[in-house]
Amino acid sequence: MTSKVVAILDAFSADTPRLSLQGLAERTGLPQSTTYRLASELVEWGGLERGAGGYQIGMRLWEIGELARRGEQLRDIALPFMQDLYDATHENVHLAVLDGREALYIEKISGRRSARVVTRRGGRLPLHATGVGRALLAYAPHDFIADILSNDLKRFTPHTVVAPALLRRKLAEVRRTGLAFAFEEMSLGSVSVAAPILSGPDTAVAALAVVVRSSRKDVQRLAPAVRATANSLSRILQQPNLTLAPPTNGQPARRRRASPSLVG
């Protein structure tokens, strides 16, 4: 029974935030009668909401999601620094953590002058094609890195680096410089400048990035500000009285299909 409820909840995504009963049954592979019964129970509990357009995720799940301490604690600490970085650049500022085999975006700041990219809290992207992903992957265990690079890596644009040897060199560069760049690798027209946030010498608990238009000529000049902000956060997180949950690398994430319009 539990797996069927999970299947119903897992049917929703950023691309399909609302589903009809038939669509929900088709995506879960459950009989329509079973889908209707379980969806009705979830509506009564508050996990789903039902309207004229079908079913959507309910506020009860949002309440539960807010109890995820790892993301909430990081956001509370990082937000003032992210706001300062946004005030200095007026560009998209992203905060992501390693969750399973993907980068999970837990916070973002953007404005009218920022590059137009579609991103959201709770969105996931692959590690190899994003700035935050590479910043996180560079500090992952060696066997985890080997496992990621041994798979067929998806090429999202003509610029996406998928060659394992080249990716290894880029990860080594991240550890040497404290910076990760992704030039139009997730979507054309966008560049990401990222830096790891460390809770110890070899443990990246998060990554911070600024995402700008690829036409911007001073991308390299943003790097010191991104790195300095990440370093400031690292110093706070390395205080002996502060404990964060470790990243969940090595556990396969249940989701999410990457959207080419989401960059990081």
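The protein contains 9 helices and 10 strands. The model is a predicted one. Of its 264 residues, 48% are buried. The accessible surface amounts to about 13200 Å². Carbon and sulfur atoms account for 52% of that surface. Contacts between residues at least 6 apart in sequence were also examined. Among these, 62% link residues at least 24 apart.

One helix pair was examined in detail. Two packed helices are described by the angle and the distance between their axes. Helix H7 spans residues 142-150, and helix H8 spans residues 164-177. Their axes come within 10 Å of each other. The crossing angle is roughly 145 degrees. The crossing of H7 and H8 is right-handed. H7 contributes Ile145, Ala146 and Leu149 to the contact. H8 contributes Pro164, Leu167, Arg168 and Leu171. By class, the contact of H7 with H8 comprises 6 nonpolar residues and 1 charged residue, with no polar residues.

Backbone geometry was considered next. Most residues other than glycine have a negative phi. His90 is not a glycine, yet has a positive phi of about 55 degrees. His90 sits in the loop between helix H5 (69-89) and strand E4 (92-100). His90 counts as partly exposed because its relative accessibility is 26%, a value between the cut-offs of 20% for buried and 50% for exposed. Glu184, also a residue other than glycine, has a positive phi near 55 degrees. Glu184 is located in the loop that lies between strand E7 (180-183) and strand E8 (190-200).

Methods. Residues are numbered from 1 along each chain as its sequence is written. This is a predicted model: local features need pLDDT of at least 70, side-chain atom pairs count only at pLDDT 80 or more; totals for chains, interfaces and linings use all residues. Side-chain values use heavy atoms; hydrogens and water are left out. Axes are lines fitted to C-alpha atoms, for helices over the stretch in contact, and angles run from 0 to 180 degrees between N-to-C directions. Helices (H or I, at least four residues) and strands (E, at least two) are DSSP runs, numbered from the N terminus. A crossing is left-handed if the near helix is turned anticlockwise from the far one by less than a right angle, and right-handed if clockwise. Contact means heavy atoms within 4.5 Å. Ala, Val, Leu, Ile, Met, Phe, Trp, Tyr, Cys and Pro count as nonpolar, Asp, Glu, Lys and Arg as charged, and the others, Gly among them, as polar. Buried means under 20% relative accessible area, exposed over 50%, partly exposed in between (1.4 Å probe, protein chains only). Accessible areas come from the Shrake-Rupley method with a 1.4 Å probe; for residues, only the protein chains shown count as cover.
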